[in-house]
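Q: I would like to learn how to read a protein model with care. Could we go through its features one at a time?

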Amino acid sequence: MSVVHLTDIEQLMEQVVAYHPEADTSLIRRAYEYSVKAHEGQRRQAGGPYVEHPLAVAGILSFLKLDVQAIAAGLLHDTLEDTVATREELEKEFGEDVARLVEGVTKIGQISFRTYEEKQAENFRKMVLSMADDIRVVFIKLADRLHNMQTLEALSDERRQKIAQETMEIYAPLANRLGMSWIKQELEDLCFQYLQPEACSLLKLRLAKRDDERQAYMQSLIQVAQEVLAKAELPAKIDGRPKHLFSIYQKMERRSVSFDEIYDLTAIRIVTDTKMNCYAVLGLIHSIWPPVPGRFKDYVATPRSNLYQSLHTTVVGPQGEYVEFQIRTAEMHRINEYGVAAHWLYKEPGKAKGRDEEVFSWLRQFVEWHKDLSDNRQFMDSVKLDLFHDVVFVFTPKGEVREVPVGSTPLDLAYAIHTEIGDHCVGAKINGKLVPLRYQLHSGDMAEILTSPSQTPHRGWLKFVQTSRAKTKIKHWFKVEEQKRALELGRRLLEQEFRRQHLPVGEFLNSERLMSMAKVKGCETVDELIRLVGFGRLPPDQVVGLFKEETDPLALVPDPSGLSVSSLKPPALIHGGVVKFGGVKNVLMQLSKCCNPVPGESIRGYITRGRGLTIHAVDCPNFQSLEWDQNRLVEVEWDGEVEGPYAVDVSVLTLDRPGVLAKVSSGISRCHANITKAEISTREDQKAVLDFSIEVKNTAHLELILQEIQRVDGILSAKRVRGWQ
């Protein structure tokens with residue numbers, strides 16, 4: 001399907017009146033005249049007047065049978081960016097609806113971006129957010145991109161490559177997601193032409209050579225099908241269509257086959273009157289030609305996420321050729337070609353209803369995640385992840401059909417249902433059997449999500465979840481939890497410091513003076529100031545010291561290290577749930593790498609500038625050098641409910657004999673410990689030193705491992721060492 005390019009405003013209005021006799025064409029004419037005047041003197045790269053572009057965009061929108069406001073916005077879509085027109089002028093001349101649509105489509109040309117990719121990400125983000133308010137924005141944007149791709153030849157090769165790549169990555173999948181298959185196919189073929197010109201030209205040449213033969217073969221099949229369907233008195237309109245270029249190329253790449261090995265280059269489409277007759281036609285087609293096993297798809301009973309409905313079957317035709325048949329009703333066909341835009345005039349402008357609403361649910365999710373994804377390129381990656389997915393269909397215990405991307409796990413499904421269900425997911429039953437959370441869902445699975453109020457997300461989940469929604473929600477949960485824990489730790493550190501300096505805790509923590517101090521530090525709230533202390537970015541003695549200043553209570557206490565608060569960075573490693581501080585679990589901390597403490601050892605906590613609470617073993621070689629600053633030492637204890645693994649370094653002295661490394665490694669494995677690093681060095685006295693990094697649960701586990709190593713024949717000593725890297 002291709003659009004006839006309109007050459008003047010009269011043709012455009014005639015096309016609109018043809019499908020909408022009561023349309024207010026005066027609005028379209030006024031928009032055209034305004035666009036001509038606004039773009040006066042501007043020319044396209046190809047040399048023609050610029051107004052040819054907005055007229056072509058409006059023509060595509062009329063082909064989609066959109067309303068008058070959308071077509072007027074198409075005529076005006078570049079006026080805010082490329083002319084002196086303002087939003088206020090557009091609203092005054094054409095109404096708030098048209099002005100809002102134009103603003104939604106307008107690119108951000110006034111902002112200076114560091115890179116093209118950053119500008120691309122910000123532009124697309126604005127478009128997605130605008131689409132969530134009024135989906136006509138995307139229709140205009142796709143029409144704009146389609147005409148730009150159709151006239152790309154006038155640009156430089158570098159610009160063509162950039163625009164074609166962006167179109168292939170974003171706009172073609174977007175058209176597909178909205179069910180606008182003809183736009184998707186045309187965009188893909190145009191991109192293919194510029195991104196892989198040699199492959200495209202060769203494929204065109206090969207198709208042209210077989211075109212006459214293919215057309216004759218297809219007509220013979222259509223004639224047979226028409227005779228059989230007429231005899232059965234089944235109403236049907238039959239036509240054949242060649243597969244579009246890029247889909248043929250994709251099939252060759254996906255199957256790793258040559259062009260000569262692709263048999264189903266043509267699809268025969270049968271349009272009938274009712275859903276029941278679709279299945280009747282299918283039965284008759286199978287009675288004429290045998291179906292190819294595994295090549296039948298029922299998108300009527302289970303529509304695709306973009307509203308697509310059709311029966312697909314591949315049969316073995318005459319001469320052993322594979323032929324694909326697509327069977328659907330007239331209504332299905334219209335929706336398959338135009339997607340959400342298929343029955344636009346019958347909708348309330350700008351709103352989606354019924355199944356159309358489902359198509360846009362993912363857009364509203366992106367709006368929901370707007371605050372969580374502050375980086376535009378991260379947002380762009382999430383969009384691409386969701387646009388390019390293939391889907392599987394799973395059933396809930398209530399019989400509802402849920403759609404998730406291929407490779408999704410029960411955890412992805414849980415987050416797709418609701419954030420709370422995902423956060424508290426402990427497992428799943430698939431077809432009545434318990435499965436791990438890593439299980440990959442398959443179409444037809446009956447999935448029951450199991451939850452527990454005590455369950456919370458694990459960082460390990462990020463390694464296997466597939467959807468951007470699940471990843472975003474898990475990361476957001478940890479971000480919120482870290483803020484909570486930092487607040488609790490910061491409050492306790494300040495309380496301890498107030499008591500150490502003999503100041504009343506309650507009076508100061510709730511005072512206006514602390515709020516004033518927060519503002520001095522650039523914090524909007526007292527809690528934000530306390531979290532800085534909890535994260536280790538602001539020493540508690542510096543905060544408390546301000547209360548002892550009599551002459552200038554807001555003067556900053558000098559930092560003996562010479563570092564300003566603004567120069568301090570957040571902890572490189574945040575480790576929660578290992579120790580208790582003041583009886584509180586899940587404090588923000590990190591285990592010191594110089595001594596790698598293990599549960600069972602005596603430990604102390606030390607508040608380091610820029611790294612938060614660091615845990616040292618009491619016998620750590622570095623611990624004595626820190627004792628001079630007693631203000632930063634805190635009492636901590638191991639959380640007995642938490643097991644490892646914890647990294648320790650072990651050095652083994654042995655006689656230099658063959659196989660000793662293997663025997664020692666086997667002994668460690670028998671103790672159910674994981675070796676993360678191993679090094680061997682030999683000495684001149686016929687002895688060898690084996691150095692290991694081992695993950696253990698606690699000191700008792702470490703002692704068991706050392707005893708097992710010492711049982712190996714030829715071992716002279718085995719001991720733990722501190723600080724081996």
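Q: What percentage of the 725 residues of the chain count as buried?

A: A residue is called buried under 20% relative accessible area, exposed over 50% and partly exposed in between, with a 1.4 Å probe and protein chains only. By that rule, 51% of the 725 residues are buried. This is a predicted model, in which local features need pLDDT of at least 70 and side-chain atom pairs count only at pLDDT 80 or more, while totals for chains, interfaces and linings use all residues. Residues are numbered from 1 along each chain as its sequence is written, and side-chain values use heavy atoms, with hydrogens and water left out.

Q: What pLDDT does the chain average, and which helix has the lowest mean value?

A: The predictor's confidence in each residue is its pLDDT, on a scale from 0 to 100. The chain averages 78, and 77% of its residues score at least 70. Among the elements, helix α14 (residues 275-288) has the highest mean, 94, whereas helix α16 (residues 355-359) has the lowest, 50. Over residues 344-350 the pLDDT stays under 50, and there the model has 21 contacts (heavy atoms within 4.5 Å) beyond four places in sequence.

Q: How many helices and strands does the chain have?

A: The chain has 28 helices and 20 strands. Helix α4 (residues 68-76) is mostly covered, since eight of its nine residues are buried, including Val68, Ile71 and Leu75. At the start of α4, a side-chain oxygen of Asp67 comes to within 3.1 Å of the backbone nitrogen of Gln69.

Q: How many salt bridges does the count come to?

A: Side chains of opposite charge can pair when their charged atoms come close. The rule asks for a side-chain nitrogen of Lys or Arg within 4 Å of a carboxyl oxygen of Asp or Glu, and the count comes to 19. In one of them, Glu188 and Lys184 have their closest N and O atoms 3.6 Å apart; because they are four residues apart in helix α11 (residues 181-195), about one helical turn separates them. Glu188 is buried at 8% relative accessible area, and Lys184, at 18%, also counts as buried.

Q: How many aromatic pairs does a search of the whole structure find?

A: Rings of Phe, Tyr and Trp (its six-membered ring) pair if their centres lie within 6.5 Å, and planes under 30 degrees apart count as stacked, over 60 as edge-to-face and the rest as tilted. The search finds eight pairs. The rings of Trp289 and Phe325 have centres 5.6 Å apart and planes at 20 degrees, so they are stacked, and this pair links distant parts of the chain, 36 residues apart. Both Trp289 and Phe325 are buried. The rings of Tyr299 and Tyr308, by contrast, have centres 5.9 Å apart and planes at 80 degrees, so they are edge-to-face; Tyr299 and Tyr308 are both buried.

Notes. Helices (H or I, at least four residues) and strands (E, at least two) are DSSP runs, numbered from the N terminus. A polar contact is a pair of N or O atoms within 3.5 Å; within protein, one must be able to donate a hydrogen and the other to accept it, and residues adjacent in sequence count only if both atoms are side-chain atoms.
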